[in-house]
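Please have a look when you get a moment.

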Amino acid sequence: MDPVELFHQVAATVPAYGRFLTEHGVDPARITTLAGFARLPMTTKENYTHRHPLPDLCRDGVIGDLIAVSSGSTGAPSFWPRSVADERVIADRFEEVFAGSFRSRERRTLAVVCFALGTWVGGLFTVACCRHLAERGHRITVVAPGTDRREIVRVLPELAPHFDQVVLLGYPPFLKNVIDTEDLPWARWNVKLVTAGEVFSEEWRTLVAERAGIADPVRGVASLYGTADAGVLGNETPLSVEIRRFLSERPGRARELFGESRLPTLVQYDPGVRYFEEHQGTLLFSGDNGVPLIRYHIADEGGVIPYRELLGFVRRHGFEPRASGPERPFVYVFGRSHFTVSYYGANIYPENIAIGLEQPEVSARVTGKFVLETVEDERHDRHLTVTVELMPGEKPSDELAQAAGASILAQLRRLNSEFAAYVPVQNQTPFIRLRESGDPEYFPPGAKHRYTRQAQSFP
C-alpha cells in the first residue's frame, strides 16, 4: 500500500483524523513523501480513538455494518466497526493458512471456531472469514461452539467423521486444555490448529502437536497476529515457522536478531494492505479498516525484518529452509511490555516460564497455565513466584513443585541472560505454588487468563 495516499484519503474523509491533524498543526497538503509521513504524530487509543465519538472515527462519519468489542489490558471497552470489505481483506490471511498449509481446496474441512462469541472481537469475525473462504471455493464447513467446552464435546464426535480434517481455531491455552482433558480421538480426525492472541514457544507447538496427533507441526499449527483494532495483520507461514524453530534452538542467534532473550511470534504480512513501522522497539501500523488508522501505536514490542535480510541471516548461520514461502516482509511480536515482571532488575517474561512447564518431566501433569509475580515476605524480601495450574485430577505435591521449579530455573538460565547475570544465584530458584484445575483465585473457568500479576505481599 502507499501510506502517503492512504493518509490523504483518511485526512479528507475521517472527521476525527482531520481534527487530530489540526490539533497538531499538520497541513495534509505538505505531506507528499514517505519521509514526511514518518514525521506525522502517532495515534493511540488515548490521544485519538478514545477522544472522539465513534462515528467521527469512520469514513464520512458513517459506522460500519458490524461492531466488535475489545476490553484490552485495562478492561475498558473499545468499539471497532467492521464491514464486509474489511472481512475480505482479513480472509486473505486465513486463506494463506487454509489453502497453503491445510490444502482446504482439496480436503473437506470442518472449521471449529473456539474463540469467544458474542460482541467480542475474535469469534464472529473468524466465522465470517472462514465463510468467505467457503464462498471462494474452499471445502470448508464452519461450526462455532465458542468457548463452551460442553458444546465442543457434543458437536465434534457427530461432525468430525464426515470430514477429511478438523481445524480448531482459538487461543493457545484454551485449545491445549481441550486437547489435554477431553477424551476424544484427535489423531483419527486429522486435526490442525489456528491460534491467535498469545506468544507460544516451539516446545508448546511440538507438545500440542504430539497430543493432537499432528504429524507435521510446521504445517499443522499456525498462529495469526491480530489486534482488536485492525483484525489480522499477519500470519505464520511454513517458512516463518521453520525459521522460528531453528532460532528456538539457538537463543544466542535469536538474541542477535531480535535483541531479546525471549522468542517472539514471527509472521509474514502483506505490505499491499498494511504498512508497518518500528518506533523505539515497538510497532506502528497504518491500514484501511472500519476505523482507518494512520501510524497507530499498538504498544506491541517487536519489529520488522525485510524478507531478504532474514533469509540472509539464517543462511549465514547454516540454515536453509525447506519451505518456499511468499517473498513478503516479516514482523516479529513479543507482546506488551507491561506483561513482564521485574526481579532484581531483570525482566522476566511469561514465555520463559512457559517453556519450563512444557518440558517432558512436567508437562503431562500441568495445564500450561500459570501466574508469574514477585511476592514480598514478612521480612520485605521479594521472591519470584509461579502459581501453576494442575491437570484435572492432579493433586499438589512437593515432588512436582520441585520438578517444576527446577525445569523453570533451567530454562530461565538458558534463555534469559538478564536473569542469569542480575539475579544472585541463591535467589534464582522460583517459589512454586500448585493449584488444582479451575482454582477460583488464579484460574477461574471462562475468564481470559492473565499470566502476570503486580507485586504481592505474603498474608
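Below are my notes on its cavities and its cysteines.

This is a predicted model, so local features need pLDDT of at least 70 and side-chain atom pairs count only at pLDDT 80 or more, while totals for chains, interfaces and linings use all residues. Residues are numbered from 1 along each chain as its sequence is written, and side-chain values use heavy atoms, with hydrogens and water left out.

Searching the whole structure turns up 3 cavities of 30 Å³ or more. A cavity here is a set of points on a 1 Å grid over the protein atoms alone where a 1.4 Å probe fits but cannot get out, and lining residues have an atom within 4 Å of a point. Volume is the space filled by probe spheres set on the points, which are joined across faces, edges and corners.

The largest cavity holds about 140 Å³. Its lining has 18 residues, with Ser261, Arg262, Leu263, Ile355 and Leu415 nearest the centre.

The second largest cavity holds about 50 Å³. Among the residues lining the second largest cavity are Arg82, Asp86, Phe125, Arg274 and Asp288.

As for cysteines, there are 0 disulfides (pairs of cysteine sulfur atoms within 2.5 Å). The sulfur of Cys129 has its closest cysteine sulfur in Cys130, 7.1 Å away and therefore too far for a bond.

Best wishes

Key: 1 Å grid on protein atoms, 1.4 Å probe; cavity = no way out; pocket = protein on both sides within 12 Å on 5 of 7 lines; lining within 4 Å.
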